[in-house]
Amino acid sequence: MSDRPEPGTEMTFQWRKWDGSPHWRHECVYLGSDQWGDWVGQPVGFHSARPGAAFDADVPNVTLIPAIDHVGQRNKVTLIPDAADYALTVNRDHPRDLRIYIDLAWDVRWESPLLATGIDMDLDVVRRTNDEGTYVDDRDEWADHSARYGYPADVMEHLEALTLDLEDRVRRQEAPFDDATGDAWLDRLVALGLDR
């Protein structure tokens with residue numbers, strides 16, 4: 001992956017919605033890659049913003065941009081080649097017990113060595129370390145936006161199946177959705193000493 005930045009290099013992960021409107025923009029650092037894909041991280045104090053909301057990371061988190069050949073249930077006929085359909089974020093010591101947050105997505109890709117982008121597709125798979133456990137979130141937003149934006153039927157069918165698959169894999173803590181994989185990358189992020 002010679003077109004990726006050096007580990008520790010600051011970069012941006014920019015989300016948008018299906019209609020092209022801006023969504024979350026995260027300040028990140030590139031961490032490296034493994035068999036699952038590329039990992040980026042947010043040290044404490046790095047900024048995230050979207051229209052109408054903003055925050056600085058209060059705990060470290062890392063995000064996996066899956067390798068294209070690893071993404072499950074890919075149908076090369078209908079799906080965008082060279083793009084992933086989810087992004088996995090792992091938090092450490094989150095104040096709301098949020099351990100895993102998976103954004104179901106469309107066209108997650110590297111636009112340049114310092115910019116990753118994707119379309120946020122509303123559905124999220126969440127694992128909390130409290131009694132809430134693992135669940136699918138934002139089904140109401142998915143229903144609303146699918147009507148408002150006119151999501152194609154094949155995209156909806158694929159993402160609904162993928163959501164259930166990811167929920168199952170998170171419940172079983174199958175790698176890379178296990179604690180050990182995320183913790184190894186969180187340790188690398190913290191070792192960089194980039195907290196603000």
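Reader: With which residue does Asp165 form a salt bridge?
Author: This is a predicted model, so local features need pLDDT of at least 70 and side-chain atom pairs count only at pLDDT 80 or more, while totals for chains, interfaces and linings use all residues. Residues are numbered from 1 along each chain as its sequence is written, and side-chain values use heavy atoms, with hydrogens and water left out. A salt bridge here is a side-chain nitrogen of Lys or Arg within 4 Å of a carboxyl oxygen of Asp or Glu. With its closest N and O atoms 3.2 Å apart, the partner of Asp165 is Arg169.

Reader: How far apart are Asp165 and Arg169 in helix H2?
Author: Helices are DSSP runs of H or I with at least four residues, strands are E runs of at least two, and both are numbered from the N terminus. An α-helix has 3.6 residues a turn, so residues three or four places apart point the same way. Asp165 and Arg169 are four residues apart in H2, so the separation is about one helical turn.

Reader: Is Arg169 buried or exposed?
Author: Buried means under 20% relative accessible area, exposed means over 50%, and partly exposed is in between (1.4 Å probe, protein chains only). Asp165, at 22%, is partly exposed. Arg169 has a relative accessible area of 7%, so Arg169 is buried.

Reader: Which residue forms a salt bridge with Glu167?
Author: Look four residues along helix H2 from Glu167, about one turn of the helix. The closest N and O atoms are 2.9 Å apart, and the partner is Arg171.

Reader: Which residues do salt bridges that share partners join into one network?
Author: A search of the whole structure finds 21 salt bridges. Those that share partners make one network out of Arg92, Arg99, Arg127, Asp179, Asp183 and Asp187.

Reader: What is the closest N and O distance between Arg109 and Asp107?
Author: Arg109 counts as partly exposed, at 24% relative accessibility. Asp107 counts as buried, at 13%. These two form a salt bridge, and their closest N and O atoms are apart by 2.5 Å.

Reader: Which side chain of opposite charge is nearest to Asp103?
Author: Asp103 sits in strand E8, residues 98-112. For charge, Lys and Arg count as positive and Asp and Glu as negative, with His and the chain ends not counted. Asp103 is buried yet has no salt bridge, and at 7.9 Å away the nearest side chain of opposite charge is Lys17.

Reader: Which residues have the most contacts inside the largest nonpolar core?
Author: A nonpolar core is a set of buried Ala, Val, Leu, Ile, Met, Phe, Trp, Tyr and Cys residues joined through side-chain atoms within 4.5 Å. In soluble globular proteins, nonpolar side chains tend to be buried together. The largest core has 32 residues, and the ones with the most contacts inside it are Leu88 and Ile102.

Reader: Which element gives the most to this core?
Author: Strands E2 (22-34), E6 (61-66) and E7 (84-91), together with E8, E9, H1, H2 and H3, each supply at least two residues of this core. With six residues, the element that gives the most is H2.

Reader: Which residues of helix H1 are buried?
Author: H1 covers residues 139-149, and its buried residues pack against strand E9 (115-128) and helix H2 (153-171). On the other side of H1, Asp140, Ala147 and Arg148 are exposed. The buried ones are Trp142, His145, Ser146 and Tyr149.

Reader: Which residues does Asp34 contact beyond four places in sequence?
Author: Contact means heavy atoms within 4.5 Å. Asp34 lies in strand E2 and, at 22% relative accessibility, counts as partly exposed. Leaving aside neighbours within four places, its contacts are Trp39, Thr181 and Trp185.

Reader: Over which residues does pLDDT stay under 50?
Author: pLDDT is the predictor's confidence in each residue, from 0 to 100. The chain has a mean of 92, and 92% of its residues reach 70 or more. Where pLDDT is low, the predicted coordinates should not be read in detail. The stretch with pLDDT under 50 is residues 70-79.
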